[in-house]
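Here are my notes on the model, point by point. Please read them with the structure open.

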Amino acid sequence: MKIYGINKTTLLDYPGHVAATIFTGGCNMRCPFCQNSGLVLAPEQQPEISEDEALTFLKKRKGILEGVCITGGEPTLQTDLESFIRRIRELGYLIKLDTNGYRPKVLGHLLDRGLLEYVAMDIKASRERYGIACGLPDMELAPIEESVELLKSSRITYEFRTTVVKGIHSPEEFTAIGQWLQGCRTYYLQSYRDSDQVMRPGYESFDPGELENMRKRAAEYIPQTALRGVD
């Protein structure tokens with residue numbers, strides 16, 4: 001595993017549980033509004049944490065932490081992700097995976113083997129604008145579609161989520177997203193926040209009223225649609 005950071009305690013990354021978050025490096029997308037550009041573009045320039053070091057930390061935190069969130073970058077690019085998850089589970093932790101859904105075979109493999117308790121999958125945009133939002137104009141949408149269906153048919157806890165960015169998204173788009181994801185259990189709209197770590201800084205967030213309008217559009221098709229990170 002290529003590990004480039006650990007958030008030792010979080011109440012936000014794994015809903016309902018006290019958890020640690022482990023950050024992997026590398027990604028197969030180039031979303032211009034990505035908040036972890038260093039992990040995506042040049043992970044080798046980040047301080048690396050060994051797998052054994054991460055597991056030693058988790059052993060010491062048994063009884064305090066309940067779960068581990070594995071995020072990135074894109075964790076499904078890691079060839080030894082399954083073995084790492086198994087080692088964490090042996091310590092008694094619940095596992096949450098954050099993914100962009102572009103490697104459905106990996107996701108399906110982990111689901112089939114019962115190695116995940118929670119998956120959060122990013123929905124970058126509507127089908128029509130997906131490549132633009134991902135920074136990959138010619139990307140194939142089929143892998144994303146497959147991952148959506150895998151989660152909708154799974155028995156584990158999952159969420160779909162979209163980081164809403166002015167200049168990338170429009171209110172009308174959330175009607176299309178709602179129609180696409182109709183039947184899913186939970187969908188979150190997250191407010192974008194600019195920072196120096198964004199791949200292309202300078203985007204803006206929508207105001208709370210605009211976000212609520214987008215939420216209502218999606219909620220016509222997905223009743224469990226909520227806002228997240230809105231002041």
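**Notes on a predicted model**

1. Lys 124 is buried, with a relative accessible area of 12%. The cut-off for buried is under 20%, so Lys 124 qualifies. Keep in mind that this is a predicted model. Lys 124 sits in the loop between S5 and H5. Which residues does Lys 124 touch, not counting those up to four places away in sequence? The contacts are Met 29, Cys 31, Asn 100, Tyr 130, Ala 133, Cys 134, Thr 162 and His 169.

2. Strand S5 spans residues 118-122. S5 is mostly covered, with five of its five residues buried. Which residues of S5 point one way, and which the other way? Tyr 118, Ala 120 and Asp 122 point one way. Val 119 and Met 121 point the other way. Buried residues therefore lie on both sides of S5, given that all five are buried.

3. S5 has a parallel partner in strand S4, residues 94-99. Four bridges join S4 and S5. Within this pair, Lys 96 stands opposite Tyr 118 of S5. Tyr 118 is one of the buried residues of S5.

4. Now the whole sheet. Eight strands form an open sheet, in the order S1-S2-S3-S4-S5-S6-S7-S8, and the pairing is mixed. The edge strands are S1 (3-10) and S8 (225-228), each of which pairs on one side only. From one strand to the next, the twist averages 20°.

5. Strand S2 (residues 19-24) and strand S3 (residues 67-71) run parallel and are joined by five bridges. Phe 23 stands opposite Thr 71 in S3. Helix H2 (residues 51-60) packs on the sheet and touches S1, S2 and S3. The direction of H2 makes about 10° with that of S1. Helix H8 (residues 208-219) also packs on the sheet, touching S6 (157-164), S7 (187-191) and S8. The direction of H8 makes about 155° with that of S8.

6. Stay with H8. Its twelve residues reach 16 Å from the first C-alpha to the last, close to the 16 Å expected at 1.5 Å a residue. Which residues of H8 are buried? They are Leu 211, Met 214, Ala 218 and Ala 219. Seen down the axis of H8, its buried residues fall within an arc of 135°, so they line one face of the helix. These buried residues pack against S6, helix H7 (173-181), S7 and S8. At the start of H8, a side-chain oxygen of Asp 207 comes to within 3.0 Å of the backbone nitrogen of Gly 209.

7. Compare helix H6, residues 142-152. The buried residues of H6 are Pro 143, Ile 144, Ser 147, Val 148 and Leu 151. They cover an arc of only 140° around the axis, which puts them on the same side of H6. They pack against helix H4 (104-112), S5, helix H5 (130-134), S6 and H7.

8. H7 deserves a residue of its own: Ile 177 is found there. Is Ile 177 buried or exposed? Ile 177 is buried, with a relative accessible area of 0%. Ile 177 touches Ile 123, Ala 125, Ser 126 and Tyr 187, not counting residues up to four places away in sequence. Ile 177 and Asp 122 are 55 residues apart in sequence and 12 Å apart in space, C-alpha to C-alpha.

9. Please check the loop between S3 and helix H3 (81-90), which holds Gly 73. A cis peptide bond joins Gly 72 and Gly 73, with omega about 10°. Most peptide bonds are trans.

10. Thr 76 is in the loop between S3 and H3 too. Thr 76 is buried, with a relative accessible area of 1%. What joins the side chains of Thr 76 and Glu 74? A polar contact of 2.7 Å does. Leaving aside neighbours within four places in sequence, Thr 76 is in contact with Leu 81, Leu 97, Thr 99, Arg 103 and Val 106.

Conventions:
Residues numbered from 1 in each chain as written. Predicted model: local features only at pLDDT ≥ 70, side-chain atom pairs only at ≥ 80, totals over all residues. Heavy atoms only, no water. Pairing = 2+ DSSP bridges. Helix = DSSP H or I, 4+ residues; strand = E, 2+ residues; numbered from the N terminus. Axes fitted to C-alpha atoms, helices over the stretch in contact; angles between N-to-C directions. Contact = heavy atoms within 4.5 Å. Expected span 1.5 Å × (residues − 1). Buried < 20%, exposed > 50% of the residue type's maximum accessible area, 1.4 Å probe, protein only. Arc of directions from axis to C-beta. Polar contact = N/O pair within 3.5 Å; in protein donor to acceptor, adjacent residues only side chain to side chain.
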